[in-house]
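Let's take a friendly walk through a protein model. Keep the sequence and the 3D view open beside this text.

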Amino acid sequence: MSSSRVEKLSFCLQNVLGDKVTNATEQLGELTLSVLPGDLLWAMRTLRDHPDLGFEMLIDLCGLDYSAYGSESVTGNDLTGKRFAVVYHLLSIKHNHRLRIKGFVDDDEFPVVDSVIGIWPSANWFEREAFDLYGIVFTGHPDLRRILTDYGFIGSPFRKDFPLSGNVEMRYDPDQRRVIYQPVSIEPRQITPRVIREEHYGDTE
């Protein structure tokens, strides 16, 4: 997106959303806006329905875990002590605009945010994925359950404090004739990528 189009979109968003936007950044020709959880549904519905915006398509939705970064106040950023966030990627076909919305979640222990299924039905599986992998709960979701891991899975595998080898493993027990869970038998290890270089790499001659 050209700089003039980004500036025009930014000005329009500022006029329409006003103080609902807590932070706005531009990188690589794309805008990212941050909103508070309490303002999320109003902001999303406005982004879809306002004639000058018309973001009628939700392309993607994902969770974020800032982990240790959430405890720091970074200059020029909006990480005011919040660990989890939900990021929405929107597209306006009518105006050919793309926009990223970031909503930080208030409670780190039990992250909860409103579902946007009533605005974009395509959010259904995206929200289930964020629930499964990050443990973020979407209130108002009609069928919030795991989608990638099994229903008895313990923990949230995309959280940064989740152990690399997991907490438990599952196997079939022939004596009990069923699948059982047991403590992980894999020893923790440091994964070091293998570096392959061509012969005489770095030679100056």
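Helices and strands here are DSSP runs, numbered from the N terminus: a helix is H or I over at least four residues, and a strand is E over at least two. This is a predicted model, in which local features need pLDDT of at least 70 and side-chain atom pairs count only at pLDDT 80 or more, while totals for chains, interfaces and linings use all residues. Residues are numbered from 1 along each chain as its sequence is written, and side-chain values use heavy atoms, leaving out hydrogens and water.

**The overall picture**

The protein chain has three helices and nine strands. Read from the N terminus, their order is α-β-β-α-β-β-β-β-α-β-β-β. Of the 205 residues, 37% count as buried; here buried means under 20% relative accessible area, exposed means over 50%, and partly exposed lies in between (1.4 Å probe, protein chains only).

A contact means heavy atoms within 4.5 Å. Among the contacts in the protein chain with a separation of 6 or more, 54% join residues 24 or more positions apart.

How confident is the predictor? Its score for each residue is the pLDDT, from 0 to 100. The protein chain averages a pLDDT of 85, and 86% of the residues score at least 70. Over residues 72-77, however, the pLDDT is below 50, and this stretch has five contacts in the model beyond near neighbours in sequence. Where pLDDT is low, the predicted coordinates should not be read in detail.

**The nonpolar core**

A nonpolar core is a set of buried Ala, Val, Leu, Ile, Met, Phe, Trp, Tyr and Cys residues joined through side-chain atoms within 4.5 Å. The largest one has 35 residues, and those with the most contacts inside it are L13, M44, L47, Y88, L90 and I101. At least two of its residues come from each of α1 (3-17), β2 (30-35), α2 (40-49), β3, β4, β5 (97-104) and α3. Which element supplies the largest share of this core? That is α1, with six residues.

Take L13 as an example. Apart from neighbours within four places in sequence, L13 is in contact with G18, L31, L33, L47, L53 and L99.

Is V116 buried or exposed? V116 counts as buried, because its relative accessibility is 0%. Leaving aside neighbours within four places in sequence, V116 has contacts with L41, M44, L58, L61, Y88, A123 and E127. The C-alpha atoms of V116 and F138 are separated by 8.5 Å, although these residues are 22 residues apart along the chain.

Helix α3 covers residues 123-134, twelve in number. From first C-alpha to last, α3 reaches 16 Å, close to the 16 Å expected at 1.5 Å a residue; the expected span is 1.5 Å times one less than the number of residues. The buried residues of α3 are A123, E127, R128, A130, D132, L133 and Y134. What covers them includes β3 (57-65), β4 (84-92), β6 (112-114) and β7 (137-139). After α3 comes G135, with a positive phi near 75 degrees.

The whole structure holds three aromatic pairs. Rings of Phe, Tyr and Trp (its six-membered ring) pair if their centres lie within 6.5 Å; planes under 30 degrees apart count as stacked, over 60 as edge-to-face and the rest as tilted. Why is the pair of Y134 and F158 edge-to-face? The ring planes are at 85 degrees, with the centres 5.8 Å apart, so the pair falls in that class. Y134 lies in helix α3 and F158 in the loop between β7 and β8 (168-173), so the pair ties together parts that are 24 residues apart in sequence.

Another ring, that of W42, has the charged end of K20 sitting over it, 5.6 Å from the ring centre. A charge sits over a ring if NZ of Lys or CZ of Arg is within 6 Å of the ring centre and within 35 degrees of the ring normal.

N96 is found in the loop between β4 and β5. N96 is not a glycine, yet its phi is positive, about 55 degrees. R177, in the loop between β8 and β9, is also a residue other than glycine with a positive phi, near 60 degrees. R178 has its place in strand β9 (residues 178-183). Not counting residues up to four places away in sequence, R178 touches R171, Y172 and D173.

Here are some accessibility values to compare with your view.

| Residue | Relative accessibility | Class |
|---|---|---|
| Y134 | 13% | buried |
| F158 | 46% | partly exposed |
| R178 | 45% | partly exposed |
| N96 | 54% | exposed |
| R177 | 69% | exposed |

Conventions: pLDDT is the predictor's confidence in each residue, from 0 to 100.
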